[in-house]
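Visitor: I have a structure to look through with you. Can we start with the cavities, then go on to a pocket and some helix packing?

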Amino acid sequence: MPKKLKRALLLLVAAAVLPASLYGCTGGTEPSASPTTTAQSGEPSYGGSVTVGIAQELDSLDPHRAVSAGVGEVLFNVFEGLVKASSDGEVREAVASDYQISEDGLTYTFTLREGITFHNGDPVTVEDVVYSLERCAGSENDGTALITAFSNVTQVRAVDERHVEITLAQPSLEFLYALTAAIIPAGSGDTIAQTPVGTGPFQFVSYAPQDSLVIQRYEGYWGQRPYLDEVRFRIITNSDTLVMSLQSGALDMAIHVPTTQITQLEGRFQVVEDTMKLVQALYLNNDVAPFDDVRVRQALCYAIDVGQIIEFVGDGAGVPVGTSMYPAFEKYHMEELAEAYPTDQERARQLLAEAGYPDGFTMEITVPSNYTQHVQTAELIAEQLSQVGITANLVPVDWSTWVNQVYEGRQFQSTVCGVAASDMTAREMVIRYVSDYEDNFINFQDEGYDQAVTQAGSTLDEQEQEQLYKQALTILSEQAASVWLQDLCDLTVLGPGLDGLELYRTYVLDMSTIYYSA
């Protein structure tokens, strides 16, 4: 494919996947510092270390097997793919210095960057790239792709010492974004989770489960040199402890700080506001009674007041979603679906009676206890559901239990959590509800939905894909597959002297741009 045409396709995909505008918590277009704080200023200086508070335990340091978006958020600093995410919503070359896409969209040929090395000092070879991509496609997982988009890959081969060719079964507007998948040393699949070795701006130093992850600047990095010498991610699952650690100076920075606690940090800290780029919902197990009845699911949608949740949990900051697509995917986000179920307790009671539950029922909401926003949301949902005769009991669990029991084991009735697109594509937000999809943890089943998502994945017509995705999202809403709530407000707190935070259109935290002002 000629360079000009290749660039045009990249821009087309970027426009289809992630928009040019960046949504703030209230639906605006620009990120902002809190009006009660003063943004830092001054020339960047090299050196120093930063301790960052994160709320989530790390389920795995294997970049191909990690489940939670929070892991990818951190490992973005350690690993890189042939391409990597850029803050403007596109991708840029990383391990690869260039690429070509065939006219039929089925063959991708990548040129490896010269002189690029892994953190152990070894040069990145074509064998490393082939191994990594084949592993993503399922070579070490009984043929089941570790990354969904790679199920479309039929062959990965080394053309020569600097070129790798990937062949797809079907053309895809979004496959390029899947190639942000980490390149790791050949044969390292059994050890990569214990000793992560990548090509990113920071290299792994140590990990203490449930405590901390330490990374340091990689002096042999091929790209722009990071400012900081070292970053320590401290795992603090209690939000009160997180805030107190900021106040005491034990933390220099924290991410995903609850909106309701930000007043405790006013004046001394820079607070940067954005959205989390995820869909928070009361996710319902469609395979478990009473949620196997669409009338019950719809009743919950009418009983739950999303506006009240946004007001209570985020002090009014947050964007209602109405379905499984957050606003950063502007092309596919359907604002009208957020109004599909206006709060109507009488309608909720009527649907419950029709489904055989005139006196309501008792249910459980399993919630990851390390996320204050999810716990607060679940508490308010329980209160709202009580108004229509439903008794909702909260079951708080730690993050690893949530992953094992709810997400992987599907042993739950309902749960409050957030789901994000780790590979930057809108497709990831819809394919997870296809009937036979491995990560369809809510057990949603709908033939029309499956057909729409399948067709959308194989078309190279941008407008057709948009309409098919919207058709699928409408089915999710009509079938009330879950109670879709909001894209949560996201607050990042930086201590005195820190600056350089760069906001992305996807769920990453780029520490390479953070610096202390001179």
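Guide: This is a predicted model. In the lining of the largest cavity, β14 gives the most, with three residues.

Visitor: What is the volume of the largest cavity?

Guide: About 180 Å³.

Visitor: And which residues are closest to its centre?

Guide: E73, D274, D490, L503 and V508 are the closest to the centre, out of 18 residues that line the largest cavity. Two elements, β14 (270-275) and β20, each give two or more residues to this lining.

Visitor: How does the lining of the largest cavity split by class?

Guide: Nine residues are nonpolar, four are polar and five are charged.

Visitor: How many cavities of 30 Å³ or more are there?

Guide: The structure has four of them.

Visitor: Which residues lie nearest its centre?

Guide: V306, A338, E339, Y341 and W484 do, and the lining of the second largest pocket has 23 residues. Elements giving two or more residues to that lining are α7 (306-314), α13 (462-478) and β20 (482-494).

Visitor: Which of those has the largest share?

Guide: β20, with four residues of the lining of the second largest pocket. β20 also gives two or more residues to the lining of the largest cavity.

Visitor: Switching to helices. At what angle do α7 and α9 pack?

Guide: The angle is about 140 degrees, and the axes of α7 and α9 (residues 372-386) are 10 Å apart.

Visitor: Why give both an angle and a distance?

Guide: Two packed helices are described by the angle between their axes and by the distance between those axes.

Visitor: So what do you call the arrangement of α7 and α9?

Guide: Oblique. Roughly antiparallel would need an angle over 145 degrees, and α7 and α9 are at about 140 degrees, so the two helices count as oblique to each other.

Visitor: Is the crossing left-handed or right-handed?

Guide: The crossing of α7 and α9 is right-handed.

Visitor: Which residues meet there?

Guide: From α7 there are Q308, I309, F312 and V313, and they meet Q373, Q376, T377, L380, I381 and Q384 of α9. The contact of α7 with α9 has five nonpolar residues, five polar ones and no charged ones.

Terms used:
Residues are numbered from 1 along each chain as its sequence is written. This is a predicted model: local features need pLDDT of at least 70, side-chain atom pairs count only at pLDDT 80 or more; totals for chains, interfaces and linings use all residues. Side-chain values use heavy atoms; hydrogens and water are left out. On a 1 Å grid over the protein atoms alone, a cavity is a set of points where a 1.4 Å probe fits but cannot get out, and a pocket is an open set with protein on both sides within 12 Å along at least five of seven lines; lining residues have an atom within 4 Å of a point. Axes are lines fitted to C-alpha atoms, for helices over the stretch in contact, and angles run from 0 to 180 degrees between N-to-C directions. Angles under 35 degrees count as roughly parallel, over 145 as roughly antiparallel, 65 to 115 as roughly perpendicular and the rest as oblique. A crossing is left-handed if the near helix is turned anticlockwise from the far one by less than a right angle, and right-handed if clockwise. Contact means heavy atoms within 4.5 Å. Ala, Val, Leu, Ile, Met, Phe, Trp, Tyr, Cys and Pro count as nonpolar, Asp, Glu, Lys and Arg as charged, and the others, Gly among them, as polar. Grid points are joined across faces, edges and corners, and a volume is the space filled by probe spheres set on the points.
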